[in-house]
Amino acid sequence: MAAAAAASPHSMLLHRPSPAASKAVPAAVSSIRVPARATRISCAAVAAPSASAPFAVAGERGVYNFAAGPATLPLSVLQKARAELVDYGGSGMSIMEMSHRGKHFDAAIKKAEADLRALLAVPDTHEVLFLQGGASTQFSAVPLNLCGSPSDPADYVVSGSWSDKAFKEAKKFSAASVAWSGKDGKYTALPPLDSISQNPDAAFLHICSNETIHGVEFKDYPEAKNRTGILVADMSSNFCSKPVDVSRFGIIYAGAQKNVGPAGVTVAIVRKDLIGKAQANTPVMLDYKIHADNGSLYNTPPCFAIYMCGLVFQDLLEQGGLAEVEKKNQHKAGILYDAIDASGGYFICPVEKSVRSLMNVPFTLAKAADFEKQFIAEAAKENMLELKGHRSVGGVRASIYNAMPLSGVEKLVAFMKDFQARNP
């Protein structure tokens, strides 16, 4: 097969070509690396694909990507981007090549914002910003913008690894303190909302609405009982997975690479009256006022990532909006959790049932850690990828974001039942 592939100028090469050979290969053909686990490769002729060209499985791509992020994207969005990749809007250029201040990208970023506002019913009281640096950069930006000085207090609910990181970063720029911590319970629960010990003088209350690693999710949100009533949420891993009353929050921020786009852009929804009060030593790129005043175009933004987010927002609207998306997510998660709970303790989800995440489902195999390695390896052979739990906790984790099709969850559940039957 390798010889046939090398002989054909239109075949995908399974090895890095020699310099001489590469000159004979059309620019549209790229060399690819195949994972070591792959034992069978089908090589098909490669031509410039049409926008409607099918993938290996009708409506799908032959694999299910359960990665926590960067995560799976809607197939229809990828197909749309593929069709527009070389020539966007009749411009003769890719959106990756054109000026971020030109008319084409200006229209794209404005539509992305308008569609996001429609999805979340973002009120006029809030700015929508497209930023860089991931949610981790917002761990610094939030206290710098909301605390007048490093001595101002702030409250943090520490419900998992990400909120713990946010709290530790905030201590550099504020007098942050822990209002509640789930560490003693290994981050498997959330507090009753009225039991959070809040400081009335705090500048804000910070939560992580969904902990990607530990799989706990706020089903409702606490009321900020501080002097300003400001609630801040890191929504990176459940952003746009369900409706949210944005008016309840001073700031919502989210890295895009879980649910709404590729890595590289972070969405921040900031109440306008909170902008313009940053500490004097705030770096220019962390000052919300700079970005608000410049329409997220103070410097060159992550243009392609914003464009992709815009396509996802449009797709979510076409599905009927976030209320419909939430129903789909509840159904998918319900199937998976039911399978875990019905396994007689073979599979175990440690998270308290009332706060189980619809996005990230962690579980362990009760038999032995070796079984977990076997489970993940065998699942990969069945084209269910990235099921290994986060390195800090181990186990198995299935991230089933908006773009994970129902068929992916159904295949995983069938595999779980089969694995249990074969490995009692």
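The model is predicted, so local features need pLDDT of at least 70 and side-chain atom pairs count only at pLDDT 80 or more, while totals for chains, interfaces and linings use all residues. Residues are numbered from 1 along each chain as its sequence is written, and side-chain values use heavy atoms, with hydrogens and water left out.

The protein holds 11 helices and 14 strands, where helices (H or I, at least four residues) and strands (E, at least two) are DSSP runs numbered from the N terminus. Of its 424 residues, 50% count as buried, a term that stands for under 20% relative accessible area, with exposed meaning over 50% and partly exposed in between (1.4 Å probe, protein chains only). The accessible surface comes to about 19400 Å², and 55% of that surface belongs to carbon and sulfur atoms; such areas come from the Shrake-Rupley method with a 1.4 Å probe, and for residues only the protein chains shown count as cover. Among contacts (heavy atoms within 4.5 Å) between residues at least 6 apart in sequence, 67% join residues at least 24 apart.

Helix α6, residues 161-170, is mostly covered, since 7 of its 10 residues are buried. These are S161, S163, D164, A166, F167, E169 and A170, and the buried residues of α6 pack against α5 (134-146) as well as the strands β3 (153-158), β4 (175-181), β5 (205-208), β6 (210-211) and β9 (251-255).

T282, in the loop between β10 (266-271) and α7 (288-293), is buried, with a relative accessible area of 11%. Leaving aside residues up to four places away in sequence, T282 touches L144 and D287, and its C-alpha lies 9.4 Å from that of S140, although T282 and S140 are 142 residues apart in sequence.

A salt bridge here is a side-chain nitrogen of Lys or Arg within 4 Å of a carboxyl oxygen of Asp or Glu, and by this rule the count comes to 17. In one of them the side chains of D152 and R227 meet at 4.0 Å, N to O; D152 lies in the loop between α5 and β3 and R227 in the loop between β7 (216-217) and β8 (231-234), so the pair ties together parts that are 75 residues apart in sequence. D152 is buried at 18% relative accessibility, whereas R227 is partly exposed at 47%. Another salt bridge joins D220 and R248 at 3.0 Å, N to O, and this pair links the loop between β7 and β8, which holds D220, to the loop between β8 and β9, which holds R248, 28 residues apart. K219 and E217 also form a salt bridge, their closest N and O atoms being 3.1 Å apart; E217 is buried at 1% relative accessibility, while K219 is partly exposed at 42%. E217, K219 and K242 are linked in a network of salt bridges.

The second largest pocket holds about 480 Å³ of space and is lined by 24 residues, of which P74, N402, A403, M404 and P405 lie nearest its centre. The elements that give two or more residues to this lining are β1 (64-65), α3, α8 (303-318) and α9 (322-341). A pocket is an open set of points on a 1 Å grid over the protein atoms alone, where a 1.4 Å probe fits, with protein on both sides within 12 Å along at least five of seven lines, and lining residues have an atom within 4 Å of a point.

V86, in the loop between α3 (75-84) and α4 (103-120), counts as exposed at 66% relative accessibility.

Terms used. Grid points are joined across faces, edges and corners, and a volume is the space filled by probe spheres set on the points.
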